[in-house]
Amino acid sequence: MKVLLVESNTHTAATVQNALKLSGQNVTTSQNSEEAIYMMAHFDFDAIILNEELDDMTGIQTVRKARLMGIRTPIIVFTLKNSSSITVETLVAGADDYLLYPLQSDEIGARIEAVVRRSRGISSSVVKISNLTVDVHGQCASVEGKPVNLTKKEYEILEALVVRKGRPVDKESLMNIIYGHEDEPNIKIIDVFICKLRKKLEALMGGEQIIETIWGRGYMIRNHDKPSHTTNAIPSGRRYEKEHELQLDAPWMVAEDLKFAQLHIQ
């Protein structure tokens, strides 16, 4: 999961960030509310973790402002204070959960998964799409019990599409999810990841393709529980890839991107 951590105290931020990383989260940090709200509005996060006591405004004020701006990303607030009144006020302001500090990695990981599932309308951490099973908690995928051998970034892309099933996810959002603020290669590297991911899934799913290209909008895994009304989908990922030659030696890949692909995609 892509998580934004908002904490003014550098020591506390390092401690919480470590707990989040131990639970398997991809963490981006912010030291104040104003910066955090800007990032919430402009980048795609699965969840927000913020301290109730920040330097520029309280956690309650931050949550309230974010919700007034229409930001619907799940927010978990943590604090040193064991106060039922603050807990109630924080939840009423729009927070999805409230935790006491210090945070345990297994608990914070489980709570993040829970609030994200609720926000996406997913009832379990194990999601089934056709004969594909994605275990968000275990961070793995399988087809009829056979593991799908995925790289870290391939799994992150698959998870991002699964928890947003029925919604197109654009390439910029996928870049943010898997790279955050790291040095990024050419954005078209996403096409390479998708190509390799499709081939691995197709090999185990009897040729079935579940990742659709939504022209001009990104990629999507169809919500199989609902009827399809999308008219601009390209259902055959394999055909699309063949026609557009999405290969590691594609002509649009500059030298540094090709080097990155060879080092990190395998």
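Q: What makes two strands count as paired?
A: Two strands pair if DSSP finds at least two bridges between them, where strands (E, at least two residues) and helices (H or I, at least four residues) are DSSP runs numbered from the N terminus. The model here is predicted, so that local features need pLDDT of at least 70 and side-chain atom pairs count only at pLDDT 80 or more, whereas totals for chains, interfaces and linings use all residues. Residues are numbered from 1 along each chain as its sequence is written, and side-chain values use heavy atoms, with hydrogens and water left out.

Q: What makes strand 4 and strand 5 a pair?
A: Strand 4 (residues 75-79) is joined to strand 5 by four bridges, and the two run parallel; since the criterion asks for at least two bridges, they count as paired. T79 stands opposite L100 in strand 5.

Q: Why is one side of strand 2 and of strand 5 left without a neighbour in the sheet?
A: The open sheet of five strands has the order 2-1-3-4-5, with parallel pairing. Strand 2 (26-30) and strand 5 (97-100) stand at its edges, and because each has a single partner strand, one side of each has no neighbour in the sheet. The twist, an angle between axes fitted to C-alpha atoms and running from 0 to 180 degrees between N-to-C directions, averages 25° from one strand to the next.

Q: How do you know that helix 5 packs on the sheet, and which strands are involved?
A: Helix 5 (residues 105-120) touches strand 1, strand 3, strand 4 and strand 5, contact meaning heavy atoms within 4.5 Å. The direction of helix 5 makes about 175° with that of strand 5.

Q: What makes strand 10 and strand 11 a pair, and in which sense do they run?
A: Four bridges join strand 10 to strand 11 (residues 218-221), and the strands run antiparallel, which meets the requirement of at least two bridges. E212 stands opposite M220 in strand 11, and the two strands form a hairpin with three residues between them, where G216 in the turn has a positive phi of about 80°.
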